[in-house]
Amino acid sequence: MLIFKRISDIAPFLQNQKQRQVVSGFVPTMGALHQGHVSLVKKAKSESDLTVCSIFVNPTQFNDPGDYKQYPVTVEQDIYQLEKSGCDVLFLPSADEIYPGGVPNIHYDIGYLETILEGAYRPGHFQGVCQAVHRLLDIVQPDRLFMGQKDYQQCMVIKRLLSLINSPARLIVAETVREPDGLAMSSRNMRLNGEERKLATGIYRALTLIRRQIRPGSLLPLLDEAKQVLADHQLKPDYITIADAGTLEETETWDGKTEIVALAAAFMGKVRLIDNLVIPRNFA
């Protein structure tokens with residue numbers, strides 16, 4: 001695996017690959033890699049000629065400076081996992097490399113997506129995500145961009161970003177990878193102690209309750225039950241809701257035909273966890 005830290009080194013290499021018509025797949029990460037990331041790398045490898053991964057803990061997407069400082073950094077382990085999974089290229093830039101003149105004063109028109117759910121609870125978060133991904137896309141110039149479904153709303157934001165910047169990259173969203181007990185794999189799980197880790201499964205149990213018991217009609221009683229599951233597991237929710245899977249418009253009733261998604265964000269202690277489950281058409 002080739003490791004680059006500077007744009008001046010990686011750009012000519014990738015340009016040469018593009019001239020040779022090599023199809024590139026890109027997996028942007030913030031490090032602290034787990035099997036969810038590895039599965040994205042493997043998917044990129046199976047669907048591309050050249051697999052590129054980046055590790056960049058982007059300061060502009062943390063609306064809580066404390067969260068940024070506590071974000072786990074495990075670069076040596078990450079490199080080992082990437083080499084083991086067959087990644088071809090790792091881009092490991094500093095913040096100064098990504099934002100050489102400071103953070104650009106650009107506002108991305110991602111519409112209502114930055115005012116609801118994650119956007120409402122983490123103001124400025126998606127603008128920061130767009131800043132970093134836009135910059136990385138300019139540098140890597142990939143044919144395919146691989147992201148995980150766990151960050152459902154973020155995937156919708158990136159799809160919008162690709163359209164805004166006229167990127168030729170095709171977004172490929174892979175299924176959420178889970179621990180044996182159902183908890184979605186996340187770098188933040190590393191910050192949970194033993195007891196918190198056991199209780200954190202409540203977020204998945206609340207979502208599976210919704211998927212298992214959902215029926216056409218009013219969804220409010222079911223959402224109340226799901227909130228109780230979170231409370232029983234000492235999880236403090238920012239939200240648990242059901243929305244149209246295509247638009248993220250929240251809904252309190254269901255016709256049994258529209259594809260919907262159940263989404264949740266909740267704190268286990270000081271660690272904020274998110275998860276979602278898609279409920280297909282005619283599921284009931």
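**Entry 1: terms and a loop residue**

I began by reminding myself that helices and strands here are DSSP runs, helices of at least four residues and strands of at least two, numbered from the N terminus. The model I am reading is a predicted one. With that in mind I looked up Asp49, and I found it in the loop between helix 2 (35-47) and strand 3. Is Asp49 buried or exposed? Its relative accessible area is 52%, and exposed means over 50%, so Asp49 counts as exposed. Leaving out residues up to four places away in sequence, I noted that Asp49 touches Gln21, Val22, Val23 and Asp88.

Next I traced an open sheet of six strands, whose order is 1-4-3-2-5-6 and whose pairing is parallel. At its edges I found strand 1 (2-4) and strand 6 (170-174), each of which pairs on one side only. On average, neighbouring strands of this sheet are turned by 25° against each other, with direction ignored. Which residue of strand 3 is the bridge partner of Val27? I found that it is Cys53. Helix 7 packs on this sheet, where it touches strand 2, strand 3, strand 4 (89-91) and strand 5 (144-148), and the direction of helix 7 makes about 150° with that of strand 2.

**Entry 2: helix 1 against helix 7**

I wrote down a general point before looking: two packed helices are described by the angle between their axes and the distance between the axes. For helix 1 (residues 7-19) and helix 7 (residues 125-140), the axes come within 8 Å and cross at roughly 55°. The two helices are therefore oblique to each other. On the side of helix 1 the contact is made by Ile7, Ile10 and Leu14, and on the side of helix 7 by Arg135, Ile139 and Val140. When I sorted these residues by type, I had five nonpolar, no polar and one charged.

**Entry 3: the nonpolar cores**

I turned to the largest nonpolar core, which has 44 residues, and noted that Phe91, Ile158, Leu248 and Leu263 touch the most other members. Which element gives the largest share of this core? It is helix 7, with nine residues. I then looked at Phe91 by itself and, not counting residues up to four places away in sequence, found among its contacts Phe4, Ile7, Ile10, Cys53, Leu136 and Ile139. Apart from this core lies another, of 30 residues, which includes Tyr204, Leu207, Ala266 and Leu277.

Last, I looked at an open sheet of three strands, with the order 8-10-11 and antiparallel pairing. Strand 8 (236-244) and strand 11 (271-279) stand at the edges with a single partner strand each, so one side of each is left without a neighbour in the sheet. Neighbouring strands of this sheet are turned by 10° against each other on average, direction ignored. Strand 10 (residues 260-268) and strand 11 run antiparallel and are joined by nine bridges, and I noted that Ala264 has Asp275 of strand 11 as its bridge partner. Helix 10 (residues 202-213) lies across strand 8, strand 10 and strand 11, and runs at about 20° to strand 11.

Conventions:
Residues are numbered from 1 along each chain as its sequence is written. This is a predicted model: local features need pLDDT of at least 70, side-chain atom pairs count only at pLDDT 80 or more; totals for chains, interfaces and linings use all residues. Side-chain values use heavy atoms; hydrogens and water are left out. Axes are lines fitted to C-alpha atoms, for helices over the stretch in contact, and angles run from 0 to 180 degrees between N-to-C directions. Angles under 35 degrees count as roughly parallel, over 145 as roughly antiparallel, 65 to 115 as roughly perpendicular and the rest as oblique. Contact means heavy atoms within 4.5 Å. Ala, Val, Leu, Ile, Met, Phe, Trp, Tyr, Cys and Pro count as nonpolar, Asp, Glu, Lys and Arg as charged, and the others, Gly among them, as polar. Two strands pair if DSSP finds at least two bridges between them. A nonpolar core is a set of buried Ala, Val, Leu, Ile, Met, Phe, Trp, Tyr and Cys residues joined through side-chain atoms within 4.5 Å. Buried means under 20% relative accessible area, exposed over 50%, partly exposed in between (1.4 Å probe, protein chains only).
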